[in-house]
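Here are my notes on this one, as numbered points. Have the coordinates open while you read.

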Amino acid sequence: MLLDVQRLEKQSRAFAVRLKELEEQAWTLAGEEFNLGSPKQLQAILFGKLGLPVLAKTPKGQPSTAESVLQELAADYELPRILLEHRSLAKLKSTYTDKLPKQVNPRTGRVHTSYHQAVTATGRLSSSDPNLQNIPVRTEEGRRIRQAFIAPPGHRLMAADYSQIELRIMAHLSGDEGLLAAFGAGEDIHRATAAEVFGVPPVEVTSDMRRSAKAINFGLIYGMTAFGLARQLDVDRTTAQQYIDRYFARYPGVKAFMARAREQAREQGYVETVFGRRLYIQDIKSANAARRQYAERTAINAPMQGTAADIIKRAMIEVDAWIQAEKQPVTMIMQVHDELVFEVAAEAVDSVRARIGAIMTAAAELRVPLEVDIGVGDNWDEAH
DNA sequence: AGGTTAAGCGCG
DNA sequence: AAAGCGCGCTTAACCT
């Protein structure tokens with residue numbers, strides 16, 4: 001992958017300026033100079049000197065300064081707000097804008113990740129040295145880093161990602177009528193879920209209701225409980241439990257699918273992807289309830305994540321076969337779990353886009369259609 | 001000096 | 001008692 005190193009270095013300098021400002025502000029509020037990155041010093045100031053409440057502990061029993069904790073404290077105190085911005089910018093600078101330029105191969109002028117085929121429990125690839133599967137995208141600051149991933153002269157970057165592939169797989173595996181119908185009709189799935197859970201027509205779904213439904217949908221994929229959903233949505237547990245109950249009442253097939261996944265893991269020791277690949281589940285019979293419940297969540301999630309991994313691998317094989325057979329001016333340069341990134345000769349963009357979309361969409365025949373979003377740009381951010 | 005662990009956080 | 005799945009990387013803190 002080609003990088004605009006100058007752009008990254010310029011961004012690094014901009015981050016450094018802002019980080020220095022934030023550090024000064026933090027020192028003023030703390031009444032002393034300290035290393036913002038030092039957990040020990042930070043704990044002493046926040047929970048000792050300033051007397052802020054300890055809202056959570058780390059697994060080792062230390063007062064936690066995790067983002068979620070600082071978010072809560074930020075409502076009442078200024079220092080946590082400073083720390084949050086400092087944390088996020090320090091992460092972007094140290095991990096990306098400082099490091100990536102150093103990882104450019106002098107022979108090719110590019111960064112070359114290593115993909116690992118046999119690391120993850122679910123069949124996904126992993127990426128390292130550098131990891132190109134966790135390049136920032138969620139914040140504006142982060143997207144500036146993504147903008148440094150560029151196409152060579154005469155080429156464009158094309159990013160093709162599966163839309164809601166795990167939820168579609170859940171629809172397929174569960175056979176739930178409501179979910180199948182929603183995807184079959186091409187509905188906005190989070191809006192459809194919101195309409196069901198909140199009992200209003202789809203057109204009356206508010207952005208807040210849709211946001212909650214999205215959290216419910218994602219939470220289900222991970223086996224989340226009412227406790228976790230309550231924390232995520234900032235509602236009480238009773239309310240969160242009502243959402244979940246209503247969801248399962250409207251989509252009973254999903255409830256049954258999850259029960260089946262637990263049973264199958266317990267009886268056979270494994271669950272399967274749509275294509276029959278087995279995912280062995282440790283601890284499913286553990287006497288320790290926490291470990292067992294963790295195993296149950298894994299048993300629910302693994303078929304979905306694993307099937308998605310199978311599907312994109314099938315797509316990669318098919319796309320590669322097409323590129324080779326037709327000698328297309330395209331290079332498949334990255335995979336990010338549900339997304340493939342290509343360098344495409346500028347003049348071939350339209351035809352390649354259509355063909356890659358068709359191949360990816362046809363990589364599996366499920367009970368719901370697969371949908372692929374494709375974007376094109378001069379950099380990776382634009383291609384989204 | 002160099003390795004490991006804990007905490008935290010970037011992504012899907 | 002825990003409470004949301006799957007990864008890899010960085011820094012601090014601790015260890016040999």
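This is a predicted model: local features need pLDDT of at least 70, side-chain atom pairs count only at pLDDT 80 or more; totals for chains, interfaces and linings use all residues.

1. Which polar backbone atom is 2.7 Å from a phosphate oxygen of DNA strand C? That backbone atom belongs to threonine 225. Aspartate 129 does something along those lines, with a backbone N or O atom 2.8 Å from a phosphate oxygen of DNA strand C.

2. Residues are numbered from 1 along each chain as its sequence is written, chains are lettered from A and ligands numbered from 1 in the order written, and side-chain values use heavy atoms, leaving out hydrogens and water.

3. Now the whole DNA surface. DNA strand C is surrounded by 36 residues, where near means a heavy atom within 4 Å. The closest are Ser38, Tyr222, Gln232, Tyr294 and Arg297. By type, the residues are nine nonpolar, 19 polar and eight charged (nonpolar is Ala, Val, Leu, Ile, Met, Phe, Trp, Tyr, Cys and Pro; charged is Asp, Glu, Lys and Arg; the others, Gly among them, are polar).

4. Helix H13 gives the most to that surface, with seven residues (helices are DSSP runs of H or I, at least four residues; strands are E, at least two; both are numbered from the N terminus). H13 also packs against helix H12 (residues 252-268) at about 110 degrees, with the axes 9 Å apart. Axes are lines fitted to C-alpha atoms over the stretch in contact, and angles run from 0 to 180 degrees between N-to-C directions. That makes H12 roughly perpendicular to H13, a label covering 65 to 115 degrees.

5. Who meets whom there? Phe257, Met258, Ala261, Arg262, Ala265 and Arg266 of H12 meet Glu296, Ala299, Ile300 and Met304 of H13, with contact meaning heavy atoms within 4.5 Å. These residues divide into seven nonpolar, no polar and three charged.

6. Last, histidine 112, in the loop between H4 and strand S2 (114-116). Histidine 112 is partly exposed at 39% relative accessible area (buried is under 20%, exposed over 50%, partly exposed in between, with a 1.4 Å probe and protein chains only). Leaving aside residues up to four places away in sequence, histidine 112 touches Asn105, Asp129 and Pro130.

Terms used:
A polar contact is a pair of N or O atoms within 3.5 Å; within protein, one must be able to donate a hydrogen and the other to accept it, and residues adjacent in sequence count only if both atoms are side-chain atoms. Angles under 35 degrees count as roughly parallel, over 145 as roughly antiparallel, 65 to 115 as roughly perpendicular and the rest as oblique.
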